[in-house]
Amino acid sequence: MTETEILERRAAARIYEHDGETLVFDATVVGCEERGGGYEIRLDRTAFFPGGGGQNADAGVLHCGGEDIRVLACERGDEVVHTSERPIPVGSDVCGEVDAAPRLSRMQNHTGEHIISGLAHRLFGCENRGFHMSEN
C-alpha cells in the first residue's frame with residue numbers, strides 16, 4: 001500500500017477531517033469493549049470529532065436496529081473510540097448522528113479563537129501559548 005493510499009483510507013475513515021459539515025453517516029461496528037462502566041465502540045468510519053486542538057469532542061447518537069444509543073464521549077488515540085452506556089455487537093450497521101448545535105457552536109468558537117489570536121499577534125506582536133473559549 002502506498003502512502004497516498006494509506007492517507008486516502010484514513011481520510012475516508014475520519015470524515016470530520018475533510019468534511020466538517022457531515023453530521024449523519026453510515027458505518028459498521030468493528031469493535032466493542034466494556035471499559036470503566038461503559039462501552040468503547042469503534043466504527044469503520046466516523047464523523048464524530050474526537051476533540052483536539054482546543055476543540056471539545058462531539059456527542060450524538062448511534063442508531064442501530066431501531067434503538068438510539070447515545071454517544072457520551074469520543075476520543076482519539078490511534079483510532080476514534082465512541083463511548084456509550086450500552087454495547088453494540090461487532091458487525092452491526094449503524095447510522096451515526098452528531099449533535100448539530102454543539103458542533104456548530106464549537107466550530108465557530110474555535111475559528112473565533114484563531115481570529116482573536118491572529119489579531120493580537122498582528123496588532124501587538126503577542127504569541128499564543130494557549131487560548132480556549134468554551135461553554136465553561
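## Aromatic pairs

Two rings of Phe, Tyr or Trp count as a pair if their centres lie within 6.5 Å, and the pair is called edge-to-face if the planes are over 60 degrees apart. The structure discussed here is a predicted model. A search of the whole structure for such pairs finds two.

One of them is formed by Tyr16 and Phe49. The ring centres are 5.6 Å apart and the planes stand at 80°, so this pair is edge-to-face. Tyr16 sits in the loop between helix 1 (3-13) and strand 1 (24-35), while Phe49 sits in the loop between strand 2 (38-43) and strand 3; the pair thus links distant parts of the chain, 33 residues apart. Tyr16 has 9% relative accessibility and counts as buried. Phe49 also counts as buried, at 16% relative accessibility.

Phe25 and Phe48 form a pair with ring centres 5.9 Å apart and planes at 80°, so it is edge-to-face. Here too distant parts of the chain are linked: Phe25 belongs to strand 1 and Phe48 to the loop between strand 2 and strand 3, 23 residues apart. Phe25 is buried, with 4% relative accessibility, and Phe48 is buried at 0%.

Seven strands make up an open sheet with antiparallel pairing, in the order 4-3-7-1-2-6-5. Strand 4 (67-71) and strand 5 (73-76) are at the edges; each has a single partner strand, so one side of each has no neighbour in the sheet. On average, and with direction ignored, neighbouring strands of the sheet are turned by 40° against each other.

Cys64 has Glu67 in strand 4 as its bridge partner.

## Salt bridges

How many salt bridges does the structure hold? The count is eight. Among them is the bridge between Asp58 and Arg103, whose side chains meet at 2.6 Å, N to O.

Within it, Arg35 bonds to Glu40 through a salt bridge whose closest N and O atoms are 3.0 Å apart. Arg35 is partly exposed, with a relative accessible area of 43%; Glu40 is partly exposed as well, at 25%.

Another salt bridge is formed by Glu17 and Arg14, with the closest N and O atoms 4.0 Å apart. Glu17 counts as partly exposed at 36% relative accessibility, whereas Arg14 counts as buried at 8%.

## Ile116 in helix 2

Ile116 lies in helix 2 (residues 100-124). Its relative accessible area is 44%, which makes Ile116 partly exposed. Ile116 and Asn128 are twelve residues apart along the chain, and their C-alpha atoms are separated by 10.0 Å.

Definitions and conventions
Residues numbered from 1 in each chain as written. Predicted model: local features only at pLDDT ≥ 70, side-chain atom pairs only at ≥ 80, totals over all residues. Heavy atoms only, no water. Pairing = 2+ DSSP bridges. Helix = DSSP H or I, 4+ residues; strand = E, 2+ residues; numbered from the N terminus. Axes fitted to C-alpha atoms, helices over the stretch in contact; angles between N-to-C directions. Phe/Tyr/Trp six-rings, centres within 6.5 Å; stacked < 30°, edge-to-face > 60°. Buried < 20%, exposed > 50% of the residue type's maximum accessible area, 1.4 Å probe, protein only.
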